[in-house]
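Dear colleague,

Please read it with the coordinates open beside you.

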Amino acid sequence: MIQILFALVLAEMALILSLLFRTPLRTLVIVGLDRSKQGRGPLVAKSVGGTVLVFFSSTLYGVFSVQKRLTEAGFVNPTDEVLMAHRLLEASLIGFSLFLVLIIDRLHYYIKELNLLRKFNEEVKNLKNDYEQRKNADAEMKKTEIKQPKLQKLKSEE
């Protein structure tokens, strides 16, 4: 079980690293996370998360029961010590895995929001540039309209 948990933690860390740096792999990860959050994906994720949480609480209960036996006995039993170390390692790996899942979820959310804000900012810049260009064009037209009557007056006086 510990090998599976180590593999899970390493995979989650690799996923976080791929989300942190702008690479082609990041876009694939974001698309994958988007698709996993559609349809039945959230229900499956909550079910798996709940199962892992129950397993985490069971492991913690085992840690506390072994610790209780150690304090009641008054001496250290080598078997209980090994069980305690094994359960503590399992509990810490599961807890770290749950924490990394939360980080992955937040990173995905913030990256999506950042992309939306960048698109919105680009649209605002384009609208501002269009407005400035129209304003300058209107000002140029007004200048030429003002100059044309003066030119016509001068031509008529000659």
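The largest pocket in this model, which is a predicted one, has a volume of about 760 Å³. Its lining is made up of 23 residues, and those lying nearest the centre of the pocket are A45, K46, G49, V101 and D105. Four helices, namely α1 (2-20), α2, α3 (41-73) and α4 (78-157), each supply at least two residues of that lining, and α3 gives the most to it, with nine residues. Sorted by class, the residues lining the largest pocket are 14 nonpolar, five polar and four charged.

The second largest pocket holds about 160 Å³ of space, and its lining consists of R22, T23, R26, T27, I30, V31, I111, K112, N115, L116 and K119. Here α2 and α4 each supply at least two residues, with the largest share, five residues, coming from α4. By class, this second lining has four nonpolar, three polar and four charged residues.

Turning to the helices themselves, α1 has 19 residues that should span 27 Å at 1.5 Å a residue, and its end C-alpha atoms are 27 Å apart, which agrees. The buried residues of α1 are I2, L5, V9, E12, I16, S18 and L19, a list that includes the acidic residue E12.

Helix α2 covers residues 24-36, and its 13 residues reach 19 Å from the first C-alpha to the last, close to the 18 Å expected at 1.5 Å a residue. Which residues of α2 are buried? They are R26, V29, I30, L33 and D34, and because they cover an arc of only 135° around the axis, they lie on the same side of α2. In general, an α-helix has 3.6 residues a turn, so residues three or four places apart point the same way. The face of α2 turned away from the buried side carries the exposed residues P24, L28 and R35.

Helix α3 has 33 residues and reaches 48 Å from its first C-alpha to its last, close to the 48 Å expected at 1.5 Å a residue. Its buried residues are G41, F56, T59, G62, V63 and V66, and just after the helix G74 takes a positive phi of about 90°.

Q67, whose place is in helix α3, counts as partly exposed because its relative accessibility is 36%, and the C-alpha atoms of Q67 and M84, which are 17 residues apart along the chain, are separated by 7.3 Å. V82, for its part, has its place in helix α4 and counts as exposed because its relative accessibility is 58%, where the cut-off for exposed is over 50%. The C-alpha atoms of V82 and V66, 16 residues apart along the chain, are separated by 10.0 Å, and V66 is itself among the buried residues of α3.

Finally, there is the database record to set beside the model. For "transmembrane region", an unreviewed UniProt entry lists residues 6-22, 43-64 and 84-104. In the model, the chain over residues 6-22 is 88% helix and 0% strand, with the end C-alpha atoms 26 Å apart, while over residues 43-64 the chain is 100% helix and 0% strand, with the end C-alpha atoms 31 Å apart.

With best regards

Terms used
Residues are numbered from 1 along each chain as its sequence is written. This is a predicted model: local features need pLDDT of at least 70, side-chain atom pairs count only at pLDDT 80 or more; totals for chains, interfaces and linings use all residues. Side-chain values use heavy atoms; hydrogens and water are left out. The expected span of a helix is 1.5 Å times one less than its number of residues. Buried means under 20% relative accessible area, exposed over 50%, partly exposed in between (1.4 Å probe, protein chains only). The arc is that of the directions from the helix axis to the C-beta atoms. On a 1 Å grid over the protein atoms alone, a cavity is a set of points where a 1.4 Å probe fits but cannot get out, and a pocket is an open set with protein on both sides within 12 Å along at least five of seven lines; lining residues have an atom within 4 Å of a point. Grid points are joined across faces, edges and corners, and a volume is the space filled by probe spheres set on the points. Ala, Val, Leu, Ile, Met, Phe, Trp, Tyr, Cys and Pro count as nonpolar, Asp, Glu, Lys and Arg as charged, and the others, Gly among them, as polar. UniProt positions are given in the numbering used here, feature names are shortened, and annotations may be inferred rather than shown by experiment.
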